[in-house]
Each structure stands twice: as C-alpha cells, then as structure tokens.
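Colleague: I am new to this structure. Please take me through one part of it closely, the nonpolar core and the strands around it.

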Amino acid sequence: MENPTPNHKHIMKLLTHLILLLVLATGSVFADAKVKAGPRKGLLLDLGGRQAEFYVEKDRGISIAVYDSAMKAQPATTEVFTATAEAPDGKTKIAFEVKDGKLVSTTKLPEGEGYQIVLQAKATPEAKPKNFRIKLQLYICEKCGNPEYACICDE
Ligand SMILES: [Zn+2]
C-alpha cells in the first residue's frame, strides 16, 4: 500500500501556489479598477447598477453612452447629467439632452485643456447625485490608445 503523505504534501504545495496566484490576480484586478474605459475609449463611470461612458467628441462636445452592469448598451432614459467645465477663464455650465439614446452636451467644452470638469450624474431624477472630477487631457496615450482622460495605464 502506498504512503499517502507525499501525495498530500504535493497537493498542499499546489494549493499554496494556487492561493498565491489568486492573491496576485486579485491584487492586479484591484489596481486596474481605478480607471475603466468603455468601448468608445471613453471614461467609464459607475452610476451604481448602470455605467456611463464619458466621451469628448472631435468638436469638443461631450457624449455619454449608458450601459447596464454587463456592459450592454442601453438608451439613456432616466439618467440626468450636468457638467461644469472649470476652465482658467471661468466656469461654464454644460447641459445634456438625449440624442440617439445618448446624452449629448448642448454646448461645447471651452478652449484649452488640463482643466477639471465636474460631472454630476444621477441614475434617476430622484437619485442622489454622484460627482466625478475629470481632468480634461485630450492627447492619446501611446500605451493604451485611449485619450489621456480615460487612460487605463498605471499612473
Ligand atoms: Zn494609457
């Protein structure tokens, strides 16, 4: 009859390795969770249940696409967004209207970049507003290919 001990030791060693791998994998998942980008390479914002993708168009308009938790595109129905562009020469309030299922800004972003945009999001008109601060940096990150405001690289 075989001695079960070597087998047991082997399994324990494997388990230890597996746990270590899991810890490492989970750690990197948490690190990546800081910034998420959506399918349009925009910045993904968690609205609690739904996700919104903040995207700056070529003409400096903002468009926001809405997805469910499984990242399936959803027409924006109840979401309410307002933004304040804190440009060096003054704050500009930006309103949004629904266009082709997305929320599209009714005004363009002020000139320049590097300033903050405060985006206020409500999943429904009655929901508690969530504020997101986005630094407007429009150049494309060479590493991830996203605009810098939606860069998913570490730092
Ligand atoms: Zn990047």
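Modeller: Among contacts in the protein chain between residues at least 6 apart in sequence, 46% join residues at least 24 apart. Two residues are in contact if their C-beta atoms, placed from the backbone, lie within 7 Å. This is a predicted model: local features need pLDDT of at least 70, side-chain atom pairs count only at pLDDT 80 or more, and totals for chains, interfaces and linings use all residues. Residues are numbered from 1 along each chain as its sequence is written.

Now the core. Buried residues make up 19% of the 155 residues in the protein chain. Buried means 20 or more other C-beta atoms within 10 Å of the residue's own; exposed means 12 or fewer, and partly exposed lies in between. A nonpolar core is a set of buried Ala, Val, Leu, Ile, Met, Phe, Trp, Tyr and Cys residues joined through C-beta atoms within 7 Å. The largest one has 24 residues, and F54, I62, I64, F81, A83 and L119 touch the most other members. Two or more residues come from each of β3 (51-56), β4 (62-67), β6 (80-87), β7 (90-99) and β9.

Take F54. Beyond four places in sequence, its contacts include I62, I64, L119 and I134.

L119 also stands opposite F132 in β10. Strands β9 (residues 116-122) and β10 run antiparallel, joined by six bridges. Strand β10 (residues 130-135) lies largely in the open, because zero of its six residues are buried.

Conventions: Helix = DSSP H or I, 4+ residues; strand = E, 2+ residues; numbered from the N terminus. Pairing = 2+ DSSP bridges.
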